[in-house]
Amino acid sequence: MIKTLIYNVNVVTPCGVSRGFVAIGGDGLILNVGDGDPQTEMLDSAAAVVDGREALLMAGAIDCHVHFREPGLTHKASIASESRAAVAGGVTSFFDMPNTVPQTVTISAVEQKVEIASLTSLANYAFFIGATNDNLDQLLAADYTRIPGIKLFMGSSTGNMLVDSENSLTRLFEAAPALISVHAEDEMTIKAARAKIEAQYGVDAPVGLHTQLRPAEACYKATAHAVDLARHYGSRLHVAHLTTAAELSLLDAGLPLGEKMITAEVSPHHLLWTDNDYERKGARIKMNPSVKSAVDRAALRDAVVSGLIDVVATDHAPHLLSEKQGSLFKAMSGAPMVQFSLLAMLDMFDPSTVTRVMSANPALLFGIAGRGVIAEGNYADLVLVEKLPSPHVIADADVLSLCGWTPLDGESIGHKVVKTWVNGNLVYDHGVINEDNKGSQIIFTPRR
């Protein structure tokens, strides 16, 4: 039985784009992917038929780095609100980070989040377990068929989950039974930079100094340390939100993704903006790690195209606008991005590159079977994207995230998400969200 037949579309895969059709079965899996037009009997037998009007049909994005703030911080976001924003942006699966309240540093805390998501999330979901200086027993006992990996903060950020014991770091890298995703900024470098800024400007230093507060040197030093530990102990290391050209030299170059032990992601923020943009964007682009120079941005964009950087993930981190006010040391770091990440990427890169780094590679890197690529037998996590006849200027009023704002306010995009399917269910359709069906917990096939 064909539940939905989507035809007259440009089907996007990492290998290219071709005009064709996709048939979705009643079980939520892709029944058929074909070139050209479907046969008349297929059109007649389908329960629902969608004329894609030559739009792009892409595998739903798998965002392996979000902060949906639940539990404990639901005044600024929740799994329900942010998953709505996700599907509106073509993101059909997400991995949430552990710096919530309570912190997700125990198996029971992970299970609490899974229970919330099973009742409220429109997208598929998974939750990292966080490392601390003293929770190795929990990390060793966790089930990594249901957890994407271990999140390690080598550098303080929102939630104060810094692991600063060298002994704890060594034990973690030596014993880690799963991928370690690291936030890498050297704390001593940041403290020295803060002391210098405070001496010159006092406690009311301007937000535009954020890149000086969290400089490229801090990123390179911490990433190099993490890479050294991973190579020494044979650990799988994933460098989150890499921001500098210098760090690229630390990565595994020339290897296919399936053979890499050191992988990396970049966030759209660091592909879009530089330290020259603080003047017009202010604290809206204050995030950790900070945006860097135009030279760094260019190197990151090149690395996305070349495959040196493996995935693009949003680091979606909503705060209320009132929490983003004030000086360098007062305005909170982080910005929402999940609703517009796919669209922003399509304005920067060709569709095949975008689906590779936002869908196919996340599935391969984390061992997610049946997702990330439009192929027969895979889950029908799909997004239909139209190229606009004229650019749309994004405004805060467009935002579905509970925080109600975006750093893209006032900027133009050239594409629009028209429809999104999760597990074969149409959850977003021309601005209308259908909450009848919830997403599923993601299952992983981990490798050490």
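## Basis and confidence

Residues are numbered from 1 along each chain as its sequence is written, and side-chain values use heavy atoms, with hydrogens and water left out. Because the model is predicted, local features need pLDDT of at least 70 and side-chain atom pairs count only at pLDDT 80 or more, while totals for chains, interfaces and linings use all residues.

The pLDDT, which is the predictor's confidence in each residue from 0 to 100, averages 96 over the chain. A score of at least 70 is reached by 98% of the residues. Helices (H or I, at least four residues) and strands (E, at least two) are DSSP runs, numbered from the N terminus. Where pLDDT is low, the predicted coordinates should not be read in detail.

## The nonpolar core

A nonpolar core is a set of buried Ala, Val, Leu, Ile, Met, Phe, Trp, Tyr and Cys residues joined through side-chain atoms within 4.5 Å; buried means under 20% relative accessible area, exposed over 50%, and partly exposed in between (1.4 Å probe, protein chains only). The largest such core has 98 residues, and those with the most contacts inside it include Met58, Leu152 and Phe173. Helix H8 (residues 216–233) gives the most to this core, with six residues.

Contact means heavy atoms within 4.5 Å. Leaving aside neighbours within four places in sequence, the contacts of Met58 include Val12, Leu342, Ile374 and Val385.

Strands pair if DSSP finds at least two bridges between them. An open sheet is formed by three strands in the order S6-S7-S8, with parallel pairing. Strand S6 (61–66) and strand S8 (124–127) each have a single partner strand, so one side of each is left without a neighbour in the sheet. From one strand to the next, the twist averages 20°; angles run from 0 to 180 degrees between N-to-C directions, and axes are lines fitted to C-alpha atoms, for helices over the stretch in contact.

S7 and S8 are joined by four bridges, and Asp96 has Phe127 in S8 as its bridge partner. Helix H3 (residues 107–120) lies across S7 and S8, at about 170° to S8.

## The surroundings of His67

His67 is located in the loop between S6 and helix H2 (79–88). Its relative accessibility is 8%, so His67 counts as buried. Not counting residues up to four places away in sequence, His67 touches Asp96, Met97, Asn99, Asp315, His316, Ala317 and Pro318.

A polar contact is a pair of N or O atoms within 3.5 Å; within protein, one must be able to donate a hydrogen and the other to accept it, and residues adjacent in sequence count only if both atoms are side-chain atoms. The side chain of His67 makes such contacts with the side chains of His65, at 3.3 Å, and Asn99, at 2.9 Å.
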